[in-house]
Amino acid sequence: MNLFDQISEDIKKAMLAREKVRLEALRGVKKEFLEAKTAKGANGELSDDTATKIMVKMVKQRKESAKIYEENNRPELAENELAEAAVIEEYLPKQLSAEELEAELKSIIAETGATGPKDMGKVMGIATKRLAGKAEGKLISAKVKELLNNQ
């Protein structure tokens with residue numbers, strides 16, 4: 001079962017269980033999936049790869065919104081955004097630990113033959129594709145910069 005079908009099934013389950021936050025989050029995900037499927041140039045199909053990218057973006061948006069709500073003393077709205085982000089994260093691949101991320105990046109650096117900060121673009125191009133959904137872009141970037149500066 002692909003992610004689109006899984007989300008659709010879980011929407012039904014959330015309706016029956018009357019889980020309001022889960023239902024809202026999953027409906028938002030399905031809306032984004034449907035828009036991606038029917039977008040200009042799309043072939044009416046949605047790969048799990050594309051679906052994962054969409055959900056990563058949605059989690060990031062929710063967390064940024066929560067941060068803004070916190071800054072503006074609206075903890076109840078921030079709490080809702082974080083709860084929705086947590087629901088969406090359940091469908092994403094398991095995030096890499098700091099050690100796993102560092103090991104992956106070291107192998108990519110060795111693979112590309114990167115020798116210093118000037119090779120950051122080369123490393124990041126491969127790293128962002130290979131680690132999509134498994135680690136946050138900001139985290140990858142910071143770690144690559146650290147590793148390349150220490151060479």
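Me: What is the N to O distance in the salt bridge between glutamate 102 and lysine 143?

Reply: This is a predicted model: local features need pLDDT of at least 70, side-chain atom pairs count only at pLDDT 80 or more, and totals for chains, interfaces and linings use all residues. Residues are numbered from 1 along each chain as its sequence is written, and side-chain values use heavy atoms, without hydrogens or water. A salt bridge puts a side-chain nitrogen of Lys or Arg within 4 Å of a carboxyl oxygen of Asp or Glu. For the side chains of glutamate 102 and lysine 143, the N to O distance is 3.2 Å.

Me: How many residues apart in sequence are the parts that glutamate 102 and lysine 143 tie together?

Reply: Helices are DSSP runs (H or I, at least four residues), numbered from the N terminus. Glutamate 102 lies in helix H5 (residues 98–112) and lysine 143 in helix H7 (residues 137–149), so the parts tied together are separated in sequence by 41 residues.

Me: Which residues are linked with Glu102 in a network of salt bridges?

Reply: One member, glutamate 146, is in helix H7. At 39% relative accessibility, glutamate 146 counts as partly exposed. Linked with Glu102 in the network are Lys106, Lys143 and Glu146.

Me: How far apart are the closest N and O atoms of glutamate 111 and arginine 130?

Reply: These two residues form a salt bridge, and their closest N and O atoms are separated by 2.8 Å. The pair links distant parts of the chain, with glutamate 111 in helix H5 and arginine 130 in helix H6 (residues 120–130), 19 residues apart. Arginine 130 is partly exposed, at 35% relative accessibility. The distance asked for is 2.8 Å.

Me: In which helix do lysine 13 and aspartate 10 both lie?

Reply: Lysine 13 and aspartate 10 form a salt bridge, with 3.8 Å between the closest N and O atoms. Lysine 13 is exposed at 52% relative accessibility, whereas aspartate 10 is buried at 8%. They are three residues apart, about one turn of the helix, and that helix is H1.

Me: What is the angle between the ring planes of phenylalanine 4 and phenylalanine 33?

Reply: Rings of Phe, Tyr and Trp (its six-membered ring) pair if their centres lie within 6.5 Å; planes under 30 degrees apart count as stacked, over 60 as edge-to-face and the rest as tilted. The whole structure holds one aromatic pair. The centres of phenylalanine 4 and phenylalanine 33 are 6.3 Å apart, and the pair is tilted because the planes stand at 35 degrees.

Me: Which residue has its charged end over the ring of phenylalanine 4?

Reply: A charge sits over a ring if NZ of Lys or CZ of Arg is within 6 Å of the ring centre and within 35 degrees of the ring normal. Phenylalanine 4 is buried, at 14% relative accessibility. At 3.8 Å from its ring centre sits the charged end of lysine 37.

Me: At roughly what angle do the axes of H1 and H2 cross?

Reply: Axes are lines fitted to C-alpha atoms, for helices over the stretch in contact, with angles from 0 to 180 degrees between N-to-C directions. The axes of H1 and H2 come within 9 Å, and they cross at roughly 150 degrees.

Technical notes
Helix = DSSP H or I, 4+ residues; strand = E, 2+ residues; numbered from the N terminus. Buried < 20%, exposed > 50% of the residue type's maximum accessible area, 1.4 Å probe, protein only.
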